[in-house]
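Good morning, and thank you for coming.

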Amino acid sequence: MRIPCPICGPRGHEEFVCHGEAGGARPAADSAVAPDAVDAMRAFHDYVYLRANPLGTQRELWYHAAGCECWLLVERDTRNHAIGAVRALRPPADGEAGGAP
Amino acid sequence: MRYSIFSLLAQAATGHRGWPPMWRNPEPRRAYEAIVVGGGGHGLATAYYLARKHGLTDVAVLEKGWIGGGNVGRNTTIIRSNYLLPGNIPFYEHSLKLWEGLERDINYNAMVSQRGVLNLFHSDAQRDAFVRRGNAMRVHGVDAVLLDARELRRLAPFLEMDDARFPIRGALLQPRGGTVRHDAVAWGYARAADRLGVDVIQNCEVTGIRVERGAVTGVESSRGFIAARRVGLACAGHSSRVAAMAGLRLPIESHVLQAFVSEAIKPLIPGVITYGAGHFYVSQSDKGGLVFGGDIDGYNSYAQRGNLATVEDVVEGGLAMMPSLGRLRLLRSWGGVMDMSMDGSPIIDRTEVEGLYLNAGWCYGGFKATPASGWCFAHLLATGGSHPLAAAYRLDRFLSGELIDEKGQGPHPNRH
C-alpha cells in the first residue's frame, strides 16, 4: 500500500501511522462542565470509543511519522486498500512537529 | 452416528463408504426460539451449549458462507489462559478446562494438544512482569512455571539465547496451553449441535434485523425472513456491519491479521513459543509446517489479505528469536478480519434492543476463547443475564470506565 503524500510524493504505508477513522467532531471543551454532565459523558464516550467501521470508503487520518510529519486525510477503501483522495490537513509550522488535526 | 473404535472398524471393513454427513443441511424454518448469526466457532459453540446445557434446541445458526470458512479456519490454533487481569483470567481458564474435556463432550477428535506455551523474556524488567503475571495466574489456580535460561535451553535448544540486543533470559511456561485443530472445532461443534436438533444453515446471509417497538422480532436473510425473539450476533470481524442493521454503533474497528505457514519439516518446535522483544508466535502443526504470526497490519480492513511491510516485520521477529527459520521457505500466508475492540477485550452482553445480544470484539484472541465464549453467550441468550465468568465483558464498560486493557494501550484498536 502506497500513500501519495501531497508533500513527499508516493511513499510506502510503513512510513505512516494510521490514526483511524476521521470525522466525529470533538465535543466542545465546556460540555464536560455543563450541568447536564450525563450527556457530556455520553458525548465524549461516543467520540472516543464508537466507530462507524464502514465496509468501503473510509476517511481516515494518517500521520507521516517518517516523512514530513504532516497529518493527512486519506480516503481509502477498506475492502481492497485502494487509496483515493489524499490531502494534508495542516503543514507543520517552522520548528513545530506535525500539526494535529 | 456416534464415533467410536467400533464405528471406525465397521467403516474400515466396508471401505469407508458408509460415513453419514456430519450434520444435516436443513431449509430454514419460518421461526425459531433463538437465532445465532454467524456459524463460526463461537456461534456453533453457543448453539451447542444452548441445546446441551439449557435444553433450548429450537435454534438456528445462520452462516453466510460455509462452516469452517471464516476466522475459525484462519487462526494460528493456539489455546492458553495466561492472562493477567481479574476480568479475564477466570474466563480464559474456564475455556481451557472446556478444551480439556471437549473431545469427550462432543464425541469428536479436535486434536487438543497441551504441548505448552512459552513466553520468552529478555530483561530483568520483563522477567518481573512475567513473574507478576505468573503469580496472578497461580492465584487463580492456573498453571504457570518460570524457567531460567538454562531450563529453557533444554526445552528449546534452537533459540538465539545470546543475541547482543535481545538476549533471552528465560520464559514463563504454561504447560497446559497448546494447540487445537481449528477446523475440527468448527466441524465438531456443528455436528454436536446438529445432533441435539439445532439447524445449522449455511449459505444464509443475514441482510437485516427486524426491530419492532425496541424489541427484535427476527432477521431478514438471503433465504427470507426468519422470526425469533432472541437473536445472538457472533460474527466477529464483521460485528459492526451486522450490529448497524439494528442501528447500533460499536466500540470496534475491523483490522486484518496475517498468519503464515512454512513448508513441512520434521518435529522441531515442542510447543508454542512467543517472542518477548517483538511480536511473534510460532508452533508446529502435526503436518510439520511451522505456523506463525505477529501483529495486525494496523489499519482498518475488511480484506482478507495484508501488506508486505507486516510480513517483513513478523519474519524479522522470528529470525531474531530463531535464526534457523531463515532456512525455511514460506508455504502460505493469509489474512483474517478481526473485531479490534477499544480496550483489547471482548464483549458478551445484551444491547439496547430487547432480545438482541452481542458477542464481539475478540481482537485476535478469539480462537482460544471459543468454548467459554459459547458457554457464556448461551447462558446470556437462555437466561437474559450475564454469566458470572463473562460479567466484565459489558458493552457499557467504555462509558463506566471499567475497561479491561491487558496491554494498557488506551482506545487505539490498532495497538492492542
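Predicted model: local features only at pLDDT ≥ 70, side-chain atom pairs only at ≥ 80, totals over all residues.

Let me begin with helix H6 of chain B, residues 182–195, which has 14 residues and reaches 20 Å from its first C-alpha to its last, close to the 20 Å expected at 1.5 Å a residue. The expected span is 1.5 Å times one less than the number of residues in the helix. When I say helix or strand, I refer to DSSP runs, with helices being H or I of at least four residues and strands E of at least two, numbered from the N terminus.

Residues are numbered from 1 along each chain as its sequence is written, and chains are lettered from A and ligands numbered from 1 in the order in which they are written.

Is H6(B) enclosed by the rest of the structure, or open to the outside, and how many of its residues are buried? Eleven of the 14 residues are buried, so H6(B) is largely enclosed by the rest of the structure. A residue is buried if 20 or more other C-beta atoms lie within 10 Å of its own, exposed if 12 or fewer, and partly exposed in between, with C-beta atoms placed from the backbone. Among the buried residues of H6(B) are B:Val185, B:Trp187, B:Tyr189, B:Ala192 and B:Ala193. The buried residues of this helix pack against H2, strand E2 (59–62), H3, strand E8 (199–201) and H9 of chain B. Just after the helix, B:Gly197 takes a positive phi of about 105 degrees.

B:Tyr48 counts as buried, because 28 C-beta neighbours lie inside 10 Å. Which residues does B:Tyr48 touch, leaving aside its neighbours within four places in sequence? B:Tyr48 is in contact with B:Tyr189, B:Ala192, B:Ala193 and B:Gly374, where contact means that the two C-beta atoms, placed from the backbone, lie within 7 Å. B:Tyr48 and B:Tyr189 are 141 residues apart along the chain, yet their C-alpha atoms are separated by 6.5 Å.

I now turn to H9(B), another partner of H6(B). H9(B) has 14 residues and reaches 20 Å from its first C-alpha to its last. Of these 14 residues, 13 are buried, so H9(B) is largely enclosed by the rest of the structure. B:Gly384 follows H9(B) and has a positive phi, near 80 degrees.

Two packed helices are described by the angle between their axes and the distance between the axes. Helix H3 (residues 89–106) and helix H9 (residues 370–383) of chain B pack at an angle of about 105 degrees, with their axes 7 Å apart. The axes are lines fitted to C-alpha atoms over the stretch in contact, and angles run from 0 to 180 degrees between N-to-C directions. H3(B) and H9(B) are therefore roughly perpendicular, a term used for 65 to 115 degrees, with under 35 roughly parallel, over 145 roughly antiparallel and the rest oblique. The contact includes B:Phe91, B:Trp99 and B:Leu102 of H3(B), and B:Pro371, B:Ala372 and B:Trp375 of H9(B). Its residues divide into eight nonpolar, two polar and no charged. Here Ala, Val, Leu, Ile, Met, Phe, Trp, Tyr, Cys and Pro count as nonpolar, Asp, Glu, Lys and Arg as charged, and the others, Gly among them, as polar.

Two further residues deserve attention for their backbone. Most residues other than glycine have a negative phi. B:Met111, however, has a positive phi near 55 degrees, and is found in the loop between H3 and strand E4 (117–121) of chain B. B:Cys363 has a positive phi near 50 degrees and is placed in the loop between strand E19 (356–360) and H9 of chain B. B:Met111 is partly exposed, with 17 other C-beta atoms within 10 Å, whereas B:Cys363, with 21 neighbours, counts as buried.

Chain B holds ten helices and 19 strands, and 51% of its 416 residues count as buried. Chain A has one helix and six strands, and 18% of its 101 residues count as buried. Between the chains, 21 residues of chain B are in contact with 21 residues of chain A.
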